[in-house]
Amino acid sequence: MKNKAYGRAFLPILAVFLVFSGLILLGASLLREWKTDSGVLLGGNELLFGLTAISYLLHIKSIRSPNAHVFVRMMYSSLIIKMMVCMFAVLLYGWLTKSVNKNAILGCFILYVIYTFLEVRILMKFIKKSPNNA
């Protein structure tokens, strides 16, 4: 029963991914006018969704732990891991293309903030309901 609740709670993150992917694909011409690379934004959206999904699964496992500190450690660890992977992706993008589209990188940063906010908000609801709270 709880697994279904955890799965349903992930739906807003999936919805954000689908909405932003659709907006990026549909607004490619507008993004070109703003000198923003839609391919970079789409790739960043996919990367951030994947990282958020992995992080979410790790957090769900930590919520089930009787040790309350595990959740806090997992939250900080996932934030650091996501930041490092994103930093590596930006560096790799800059190295491969020799020119960086700053607007697309800024857009990916905004997506990072949105995904992180949603993930933390959902997980904080679960941690309040968890019977393992100290």
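A salt bridge is taken here as a side-chain nitrogen of Lys or Arg within 4 Å of a carboxyl oxygen of Asp or Glu. The structure is a predicted model, in which local features need pLDDT of at least 70 and side-chain atom pairs count only at pLDDT 80 or more, while totals for chains, interfaces and linings use all residues. Residues are numbered from 1 along each chain as its sequence is written, and side-chain values use heavy atoms, with hydrogens and water left out.

The protein chain contains six helices and zero strands, where helices (H or I, at least four residues) and strands (E, at least two) are DSSP runs numbered from the N terminus. In sequence order the pattern is α-α-α-α-α-α. The C-alpha trace spans about 50 × 30 × 15 Å along its principal axes. Of the 134 residues, 40% count as buried (under 20% relative accessible area, with a 1.4 Å probe and protein chains only).

One salt bridge is present in the structure. In this salt bridge the side chains of K82 and E119 meet at 2.7 Å, N to O. The pair joins distant parts of the chain, with K82 in helix 5 and E119 in helix 6 (residues 102-129), 37 residues apart. K82 is buried, with a relative accessible area of 2%, and E119 likewise counts as buried at 2% relative accessibility.

Helix 4 (residues 38-63) packs with helix 5 (residues 68-97) at an angle of about 160°, their axes lying 10 Å apart; axes are lines fitted to C-alpha atoms, for helices over the stretch in contact, and angles run from 0 to 180 degrees between N-to-C directions. Helix 4 is therefore roughly antiparallel to helix 5 (an angle over 145 degrees). Among the contacts (heavy atoms within 4.5 Å), residues of helix 4 including L47, L51 and L58 meet residues of helix 5 including M74, K82 and V85. By class, this contact has 14 nonpolar, five polar and one charged residues; Ala, Val, Leu, Ile, Met, Phe, Trp, Tyr, Cys and Pro count as nonpolar, Asp, Glu, Lys and Arg as charged, and the others, Gly among them, as polar.

Helix 2 (residues 11-26) and helix 6 pack at an angle of about 160°, with axes 10 Å apart. Helix 2 is thus roughly antiparallel to helix 6. In this contact P12, I13, V16, F17 and F20 of helix 2 meet L111, I114, Y115, L118, E119 and I122 of helix 6. The contact comprises ten nonpolar, no polar and one charged residues.

Note on methods
Parallel < 35°, antiparallel > 145°, perpendicular 65-115°, else oblique. Buried < 20%, exposed > 50% of the residue type's maximum accessible area, 1.4 Å probe, protein only.
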